[in-house]
Amino acid sequence: MRAGRQEEDTMEAQTAQHAPLFSREALRRLLIPLLLEQFLSVSMGMADTIMVAGVGEAAVSSVSLVDSINVLIIQVLAALATGGAVIASQYLGRRDVQNAQRGAAQLCSVLLISTLAAAALVLAFRVPMLRGVFGAVDDEVMRFSEIYFFISALSYPFIGLYNAGAALFRAQGDSRTSMTASLVMNVINIAGNAALIYGAHLGVLGAALATLLGRVFAAAFVLLRLQRPGNPLRIRNAAALRPDAGFIRRILAIGVPSGIENGMFHIGKLLVTHLTSTLGTAAIAANAVCNTVCSAANIPGSAIGLAMIPVVGQCLGAGERGQARRYAGRLMGMAYAGIAAANALIFLTIPWIARWFSLSSAALEMTVRVMRTFNVAAVLFWPSSFTLSNVLRAGGDTKFTMLVSMTSMWLFRVLLCYVFVRGLHLGLVSIWVGMYVDWIFRSLCFFLRYRSGRWMENRVI
């Protein structure tokens with residue numbers, strides 16, 4: 001009798017252990033808000049660029065140049081949010097809510113301190129930074145850039161706290177809250193642009209102030225929601241924010257390699273942007289529009305990449321390696337299908353889309369040519385370059401992704417682009433071709449690493 005009961009208990013335990021951690025409904029609830037969030041962010045970012053473009057090519061060029069530095073700084077700091085999200089998701093997968101809460105509080109502390117430090121450095125050295133990176137641009141472009149960079153720096157702590165809160169909600173499988181916060185931020189940004197650019201005639205200054213205001217409200221919204229009773233990752237008291245060396249080390253063990261990866265990646269992009277700035281204002285404007293439009297083409301892959309962290313992280317935290325592989329494979333298939341559909345649509349409509357940005361005829365022609373090469377390359381290699389890398393990060397395999405990304409970025413995208421432009425005088429399209437070669441190398445390395453299974457052998461918690 002006892003033996004039969006023990007056998008029955010063992011069978012129940014095995015069934016519970018192998019029960020799917022994410023039902024189709026749970027995946028749907030996670031993915032749909034992420035897709036909407038990415039769509040809102042990109043479409044409103046595109047509207048933002050169009051509104052700034054109404055001030056002139058010098059204005060849109062200055063915003064593009066400064067945002068290339070802003071993205072570098074913000075992405076380095078956002079990597080820390082990824083580290084915290086991996087930690088929280090694995091603890092939640094293990095059903096260890098107490099340590100998940102402690103990790104959440106430490107993530108907020110780390111991001112607040114780091115973003116305040118970044119803002120102080122930019123405010124102190126913004127002029128030499130701009131002139132060092134973009135010294136060859138027109139005087140009007142530089143003047144607008146200095147204004148936009150000053151206001152942008154003030155927003156760093158707010159976008160940092162927003163990223164922390166959004167990452168913690170996604171770690172729980174709740175992407176609706178981050179979507180709502182993104183909607184709040186972007187609506188305020190667009191409304192602010194309308195009032196400050198066209199109403200108050202503040203130009204680039206108005207665009208910067210609208211962005212700052214949107215980020216302040218988004219940070220406040222997501223942190224207030226994080227503190228609601230019943231949230232498993234809410235910060236219990238102020239004492240929880242005091243630095244805890246053990247948790248900070250775990251966050252940094254994932255966040256620092258990802259931050260270095262993002263930093264080196266975007267420093268390389270800055271060098272390529274500097275190279276673009278030598279091709280003239282029309283090329284800068286065309287490049288800015290292409291960067292904006294290609295973000296729309298990447299929406300499915302970006303959204304699914306964000307979903308990889310909680311899904312794969314919780315599976316690994318629960319010790320379910322088989323489920324981690326199955327969900328990763330399913331999500332990658334969805335990423336490829338979504339990327340193919342989005343890029344096919346943009347390939348057909350880009351001549352009309354490009355006209356929304358008030359470009360000169362030369363810039364318009366360059367935009368169409370570059371975007372169509374991008375659409376083809378993205379379908380083949382974007383998901384395996386960027387969505388798949390988040391599978392590895394969810395397993396704590398950040399050192400590998402860092403080494404591959406740094407090697408590929410500097411060897412192919414930077415060096416090859418300089419050869420194409422300075423040596424062979426091939427123009428703007430060749431800069432994007434260098435990026436596609438970078439994607440091919442990343443795809444090969446990440447696929448082989450995924451197949452090996454070594455990404456699941458890291459100890460994260």
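Colleague: Which element gives the most to the lining of the largest pocket?

Modeller: In this predicted model, the residues lining the largest pocket are I69, L72, I73, V76, L77, A117, A118, L121, V122, M129, V133 and L270. The elements that contribute two or more residues to that lining are α3 and α4 (97-134). With six residues, the element that gives the most is α4.

Colleague: How much space lies in the largest pocket?

Modeller: The pocket in question is the one with L121, V122 and L270 among its lining residues. The space in this largest pocket is about 240 Å³.

Colleague: Which element supplies the largest share of the largest nonpolar core?

Modeller: The largest nonpolar core has 97 residues, of which Y156, Y162, L168, L233, V312 and W455 touch the most other members. L168, for instance, touches A88, A104, L107, C108, L226 and L233, with residues up to four places away in sequence not counted. A second, separate core of 43 residues includes V60, V293, M366 and V368.

Colleague: How is the aromatic pair of Y91 and F247 classed?

Modeller: A pair of aromatic rings is described by the distance of the centres and the angle of the planes. For Y91 and F247 the centres are 6.2 Å apart and the planes make an angle of 40 degrees. Planes under 30 degrees apart would count as stacked and those over 60 as edge-to-face, so the Y91 and F247 pair is tilted.

Colleague: How many residues apart are Y91 and F247, and which parts of the chain do they link?

Modeller: Both Y91 and F247 are buried. Y91 belongs to helix α3 (residues 57-93) and F247 to helix α9 (residues 245-277). The pair thus links distant parts of the chain, with a separation of 156 residues.

Colleague: How is the pair formed by Y450 and W455 classed?

Modeller: Y450 and W455 are both buried. Their ring centres are 5.6 Å apart and their planes lie at 15 degrees, so the pair is stacked.

Colleague: Which residue has its charged end over the ring of F400?

Modeller: There are two such arrangements to describe here, one at F347 and one at F400. At F347, R372 lies over the face of the ring, 4.9 Å from the ring centre. At F400, the charged end sits 4.4 Å from the centre of the ring, and the residue is R449.

Colleague: Is R95 buried or exposed?

Modeller: R95 is placed in the loop between α3 and α4. Its phi is near 65 degrees, a positive value in a residue other than glycine. Exposed means a relative accessible area over 50%; R95 has 62%, so this residue is exposed.

Colleague: Where does H201 lie?

Modeller: H201 is not a glycine, yet its phi is positive, at about 55 degrees. At 65% relative accessibility, H201 counts as exposed. Its place is in the loop between α7 (176-199) and α8 (204-226).

Technical notes:
Residues numbered from 1 in each chain as written. Predicted model: local features only at pLDDT ≥ 70, side-chain atom pairs only at ≥ 80, totals over all residues. Heavy atoms only, no water. Phe/Tyr/Trp six-rings, centres within 6.5 Å; stacked < 30°, edge-to-face > 60°. Helix = DSSP H or I, 4+ residues; strand = E, 2+ residues; numbered from the N terminus. Buried < 20%, exposed > 50% of the residue type's maximum accessible area, 1.4 Å probe, protein only. Lys NZ or Arg CZ within 6 Å of the ring centre and 35° of its normal. Core = buried A, V, L, I, M, F, W, Y, C linked by side-chain atoms within 4.5 Å. Contact = heavy atoms within 4.5 Å. 1 Å grid on protein atoms, 1.4 Å probe; cavity = no way out; pocket = protein on both sides within 12 Å on 5 of 7 lines; lining within 4 Å. Points joined across faces, edges and corners; volume = space filled by probe spheres on them.
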